[in-house]
Amino acid sequence: MNLTLNSVNWREKFETENVLGAWTIFWDTINEVCDQYIPLKKVREKNRKSEWITKKTTKMIKKRNKAWNKYRTTNSDSDYKAYKELRRNKVVKFIHRDKTDYHRKLIQNFKHRPKQVYSYINKMRTVKNKISHIIRQDGSPTVDDQEAASELCSCFSTHFTLEEELTNPLSSGSGLHKVSVTEDHVLQTLLKLKPDKSPGPDNIHPMFLRETAYNIALPLTLIFRKSLGEGMLPEVWKCANITPIHKKGLRSEAENYRPISLTSAVCKVLETIVKKQMTTYLDSEGIITNHQHGFVRGRSCLTNLLQVFEDWTSNLDEGYGVDVIYLDYKKTFDTVPHKRLVNKMEHLGFIGGLLNWLKDGRTDGQKQCLLLPSIRSGHNKN
């Protein structure tokens, strides 16, 4: 795949194309390469009770079964004794040892591979929680996955804030109007992708992007520059596969689910580059205060709690009382007013081509629900 991608003259192919044409050429080329070189294989689901059994133990189990069959044929005491020794003293011991070792490795790798641990826990659960029979507004239950998906889609759409365009720009006329994208920026971001993540609506897997990073960094750089220069994103970048996750309450009520959006991994690469330069600008202008802990490099909920705890204990030591008010916004990210957010970003100094690009990438709520996936247990079909 790398040799094929390396032989493509991307500059010549993209020379007369806009961002939509360049992306279409890149997408078609990637799909052709994947169809040509990635083999398809029917994978059989492993038995969840024997997932940890090693090859050595499997051989011992076969020997035990062979000894049992021999005893059933001869019906001799010596053959039964041999089978009994294999079953009790060896096979059981090997199975317990393999299971213990497997659990130990899961715990040791939890920090770096938490997805593997949660996947194992879900497989071991005897009760599967499927999304079905969602109650409609008229009180009747849905009968299949398509109806349940449609009902959840309608529920999620009602929470988005839809508003008219704001006509009073707040821009001061100066600020960050352009983001520079270099091939090295793209390459380093591609190499940091996590290969165990799922692909978005474009079906380009993060593992593919990372393994072919050195040969697709150039075409992606050209596409990203065209996107930022034209202030336009391909439509597939603005769509998302949405999976409903149960949060609380009855599973039959759509309000008790939250939407988890899975977007294009390619678009996330560009978003990462843009976000870094926007954050650098905000830091240089002193716009982000020292009281901001969330979504700031080097700070987190932990640093916030440590600082607040220090302030509380200091006040209590000095004899003052402490009153604490906790605020929680219901469905915060679902109800973000995007037009006001863009207006605020313009006021902070994001102008020109960058602002146009941010406007085109704005999510309007209705578009997010277009690709609500099938909600069969264990499947994510569009």
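In this predicted model, the axes of helix α3 (residues 19-37) and helix α10 (residues 213-230) come within 9 Å of each other and cross at roughly 155°, where axes are lines fitted to C-alpha atoms, for helices over the stretch in contact, and angles run from 0 to 180 degrees between N-to-C directions. The chain as a whole has 14 helices and two strands, with helices (H or I, at least four residues) and strands (E, at least two) taken as DSSP runs and numbered from the N terminus. Of the 382 residues in the chain, 32% are buried; buried means under 20% relative accessible area, exposed means over 50%, and partly exposed lies in between (1.4 Å probe, protein chains only). Among contacts in the chain between residues at least 6 apart in sequence, 70% join residues at least 24 apart, a contact being heavy atoms within 4.5 Å.

Basis of the values:

- Residues are numbered from 1 along each chain as its sequence is written, and side-chain values use heavy atoms, with hydrogens and water left out.
- Because this is a predicted model, local features need pLDDT of at least 70 and side-chain atom pairs count only at pLDDT 80 or more, whereas totals for chains, interfaces and linings use all residues.

Helix α3 against helix α10:

- Helices α3 and α10 are therefore roughly antiparallel to each other, on a scale in which angles under 35 degrees count as roughly parallel, over 145 as roughly antiparallel, 65 to 115 as roughly perpendicular and the rest as oblique.
- The crossing in which α3 passes α10 is left-handed, a term used if the near helix is turned anticlockwise from the far one by less than a right angle, with right-handed used if it is turned clockwise.
- On the α3 side the contact involves Val19, Ala22, Trp23, Phe26 and Ile30, and these meet Ile216, Pro219, Leu220, Ile223, Lys226, Ser227 and Glu230 in α10.
- The residues of this contact of α3 with α10 divide into nine nonpolar, one polar and two charged, where Ala, Val, Leu, Ile, Met, Phe, Trp, Tyr, Cys and Pro count as nonpolar, Asp, Glu, Lys and Arg as charged, and the others, Gly among them, as polar.

- Phe26 lies in helix α3 and, at 0% relative accessibility, counts as buried.
- Leaving aside neighbours within four places in sequence, Phe26 is in contact with Trp10, Phe14, Ile204, Ile216, Pro219, Leu220 and Ile223; the C-alpha atoms of Phe26 and Pro219, which are 193 residues apart along the chain, are separated by 7.4 Å.
- One aromatic cluster is formed by Trp10, Phe14, Trp23, Phe26, Trp27, Phe224 and Trp237.
- The structure holds 13 aromatic pairs, counted where rings of Phe, Tyr and Trp (its six-membered ring) have centres within 6.5 Å, with planes under 30 degrees apart called stacked, over 60 edge-to-face and the rest tilted.
- Trp10 and Phe14 form a tilted aromatic pair, at 5.6 Å centre to centre and with 45° between the planes; being four residues apart in helix α2 (residues 10-14), they are separated by about one helical turn.
- Both partners of that pair are buried, Trp10 with a relative accessible area of 3% and Phe14 with one of 2%.

Helix α11 against helix α14:

- The axes of helix α11 (residues 265-284) and helix α14 (residues 352-360) come within 13 Å and cross at roughly 135°, which makes α11 oblique to α14.
- Helix α11 passes α14 in a left-handed crossing, and the contact is made by Leu270, Val274 and Met278 of α11 together with Leu354, Trp357 and Leu358 of α14.
- The residues of the contact of α11 with α14 divide into six nonpolar, no polar and no charged.

Cys155 in helix α7:

- Cys155 lies in helix α7 (residues 145-157) and counts as buried at 9% relative accessibility.
- Not counting residues up to four places away in sequence, Cys155 touches Ala254 and Glu255, while the C-alpha atoms of Cys155 and Glu253, 98 residues apart along the chain, are separated by 9.8 Å.

Positive phi in loops:

- Most residues other than glycine have a negative phi.
- Asn203, in the loop between α8 (183-191) and α9 (206-211), has a positive phi near 60° and is exposed, with a relative accessible area of 56%.
- Phe295, in the loop between α11 and α12 (301-317), has a positive phi of about 60° although it is not a glycine, and Phe295 is exposed, with a relative accessible area of 79%.
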